[in-house]
Amino acid sequence: GLQMSDLFIDKPSPKGEIVATYDYQDEDGQCLFQVIRYNPKSFRQRHKNSKGEWQWDVEGIRKVIYHLPDIMRVTTDTVYWVEGEKDVDKLWDSGLIATTSPGGVNGWKPEYAQYLQGKRIIIIPDNDEAGRKYAFYVANLLYGWCSSLKLIELPQKDVSDFLAMQPHLNAIK
């Protein structure tokens, strides 16, 4: 018969085509879990169980910020906080240090602040009501942990759209 575990072990998803996988790693670079992006746009999270198989949940799995080992290694003071992994990766590709929390707007955990202690934080929300609320929420929680906080609102939908239109990054530095 069908076992409960059969429902959660790496089955094809009805969510569409996987277009990106984002590894969330601990301080030592070990993958804790992945965020999977689909087309049409949706997201799921998974982790490897004790048998090394993908399991489509993150129940009981430690949550960290995206690019944690990289952020701990860099010497720069400035870290950008944006809403999605795609935006984070585009900023890294542009030479800027960036992060986000898993699960977007609902993903912040209080322990994330410690990773950004003493940093200069620049928050760039998505250009919508949820994005702005999330940005102010994160700003309030980071206040007192970081050396400075700046919020930049872009006219474009998000950082990726901004970077696609801008030949240089002066507007967000």
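The largest pocket has a volume of about 360 Å³, where a pocket is, on a 1 Å grid over the protein atoms alone, an open set of points with protein on both sides within 12 Å along at least five of seven lines, and its lining residues have an atom within 4 Å of a point. Grid points are joined across faces, edges and corners, and a volume is the space filled by probe spheres set on the points. Select Arg37, Lys41, Phe43, Glu83 and Gly84, which are the closest to the centre among the 19 residues that line this pocket. Strand S2, strand S3 (42–48) and helix H2 each give two or more residues to the lining. By class, the lining of the largest pocket holds 3 nonpolar, 5 polar and 11 charged residues, with Ala, Val, Leu, Ile, Met, Phe, Trp, Tyr, Cys and Pro counted as nonpolar, Asp, Glu, Lys and Arg as charged, and the others, Gly among them, as polar.

Before going on, note that this is a predicted model, in which local features need pLDDT of at least 70 and side-chain atom pairs count only at pLDDT 80 or more, while totals for chains, interfaces and linings use all residues. Residues are numbered from 1 along each chain as its sequence is written, and side-chain values use heavy atoms, with hydrogens and water left out.

**The whole chain**

**Between S2 and S3**

Select asparagine 39 and proline 40, which are joined by a cis peptide bond with omega of about 0°. Proline 40 belongs to the loop between S2 and S3. Step on to serine 42 in strand S3, which is buried, with a relative accessible area of 18%. The C-alpha atom of serine 42 is 9.9 Å from that of glutamate 17, although 25 residues along the chain separate the two.

**Histidine 67**

Next, go to the loop between strand S4 (54–55) and H1, where histidine 67 is found. Histidine 67 is not a glycine, yet its phi is positive, at about 65°. Most residues other than glycine have a negative phi, and most peptide bonds are trans. Histidine 67 counts as buried, at 18% relative accessibility.

A polar atom of its side chain lies 3.2 Å from the backbone oxygen of glutamate 83. Trp81, Leu91, Ile124 and Ile172 touch the most other members among the 43 residues of the largest nonpolar core, which is a set of buried Ala, Val, Leu, Ile, Met, Phe, Trp, Tyr and Cys residues joined through side-chain atoms within 4.5 Å. Among the elements that give two or more residues to this core are strand S1 (17–25), strand S5 (78–81), helix H2 (85–93) and helix H3 (129–142). H3 supplies the largest share, 5 residues.

Outside four places in sequence, leucine 142 touches Trp108, Ala113, Leu116, Ile121 and Leu149. Its C-alpha atom is 8.3 Å from that of glutamine 117, 25 residues apart in sequence.

Finish with Pro125, Asp126, Asn127, Arg132, Glu153 and Leu154, which line the largest cavity, a cavity being a set of grid points where a 1.4 Å probe fits but cannot get out. About 30 Å³ of space lies inside the largest cavity, and its lining has 2 nonpolar, 1 polar and 3 charged residues.

Notes
A polar contact is a pair of N or O atoms within 3.5 Å; within protein, one must be able to donate a hydrogen and the other to accept it, and residues adjacent in sequence count only if both atoms are side-chain atoms. Buried means under 20% relative accessible area, exposed over 50%, partly exposed in between (1.4 Å probe, protein chains only). Helices (H or I, at least four residues) and strands (E, at least two) are DSSP runs, numbered from the N terminus. Contact means heavy atoms within 4.5 Å.
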